[in-house]
Amino acid sequence: MLDINMSSRKQTLKPTEEALISEALAIEAEAAADAGALGYLARCMVQATMPHRKVEGTHFERKNGSFTLTMMAPADPGLPYGSVPRLLLAWLSTEAVRTRSREIELGDSMSAFMREIGLVPTGGRWGSITRLKNQTARLFACTVNAIYKEGGRTGILNRSVADRAVLWWDAKDPAQAAQWRSKVVLSEPFFNEILDRPVPVDQRALKALKQSPLALDTYAWLTYRASYMTKASTVPWEAIAGQFGSDYKLLRQFKAAFLTELRKVAAVYPAAEFDVSDKGLTVKPGQPHVQRKPSV
């Protein structure tokens with residue numbers, strides 16, 4: 001069995017991992033709530049996740065045991081993918097929990113909002129400004145379908161992310177305050193899904209891992225499992241790939257990518273308890289990265 005917990009990694013850390021550990025030390029020094037970094041995610045988006053890379057077509061599916069998540073979108077703009085929509089969803093979910101309102105303001109300028117979700121405004125075709133505008137349109141236009149199957153029972157939930165979105169951002173001058181504030185109205189079913197036992201996360205950890213959608217997904221999944229597990233459970237690589245990496249052609253390719261990102265997650269979230277073997281990932285009971293408050 002290969003153990004890649006913190007004690008066995010200290011001698012083989014890469015510079016990026018050392019930077020993540022420095023970030024982790026800062027996180028440990030002050031709780032998320034005290035640092036103003038307490039965030040939330042909707043459970044359905046933690047149990048199964050969005051595409052990591054651009055997907056051709058308008059249909060995407062991921063499975064996690066008895067749970068299947070399907071995303072559908074218009075051909076234009078297409079399906080959301082990558083880190084940006086994950087950061088957007090985390091921010092929107094956090095605001096929904098904080099305000100208990102479906103209508104969420106996105107700030108009076110594009111650059112101000114980008115700072116909120118941990119992005120540095122950069123121009124050009126591949127810059128963060130272009131990516132944010134593109135991924136925001138993709139996320140707000142898509143529909144999420146969740147199917148739960150257990151025994152002879154089937155539960156089906158259909159929901160769009162937003163009922164309405166108005167974006168007044170000026171991509172040519174992102175620091176310019178608009179005359180009206182950009183806002184989004186979350187759909188009532190998705191809003192209720194967010195408020196139904198949201199998964200607490202540390203927004204500083206999300207920002208530290210923002211370069212990798214797989215790392216963001218793995219972090220959220222590990223802290224979510226830690227919040228309810230009572231005994232160790234081994235998840236086969238095939239099942240993990242079906243949940244996180246269905247866009248990898250070969251299982252060994254996914255496994256290599258997953259282990260690389262798992263090291264980064266463990267650097268930021270050192271309390272995560274797991275072992276790695278040829279069979280899969282054994283997740284053990286431990287402390288979630290952010291303790292769930294009874295009031296939520």
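In the hairpin made by strands β5 and β6, two residues lie between the strands, and glycine 151 among the residues of this hairpin takes a positive phi near 65°. Strands, like helices, are DSSP runs numbered from the N terminus, a strand (E) having at least two residues and a helix (H or I) at least four. The model is a predicted one, in which local features need pLDDT of at least 70 and side-chain atom pairs count only at pLDDT 80 or more, while totals for chains, interfaces and linings use all residues. Residues are numbered from 1 along each chain as its sequence is written, and side-chain values use heavy atoms, with hydrogens and water left out.

Strand β5 runs antiparallel to β6, and eight bridges join them; two strands pair if DSSP finds at least two bridges between them. Asparagine 145 has asparagine 158, in β6, as its bridge partner. The two strands belong to an open sheet of four strands, in the order β2-β3-β5-β6, with antiparallel pairing. At the edges are β2 and β6, each of which pairs on one side only.

The residue ranges of several elements are collected here.

| Element | Residues |
|---|---|
| Strand β5 | residues 143-150 |
| Strand β6 | residues 153-160 |
| Helix α11 | residues 251-268 |

Among the buried residues of α11 are Phe254, Phe258, Leu262 and Val265, where buried means under 20% relative accessible area, exposed over 50% and partly exposed in between, with a 1.4 Å probe and protein chains only.

Where does serine 187 lie? Serine 187 is found in the loop between β8 and α7, and this serine is buried, with a relative accessible area of 2%. Leaving aside neighbours within four places in sequence, serine 187 is in contact with Arg102, Ser160, Val161, Ala162 and Asp163, contact meaning heavy atoms within 4.5 Å.

Taken as a whole, the protein has eleven helices and twelve strands, and of its 296 residues 50% count as buried. Among its contacts between residues at least 6 apart in sequence, 69% join residues at least 24 apart.

Technical notes. The expected span of a helix is 1.5 Å times one less than its number of residues.
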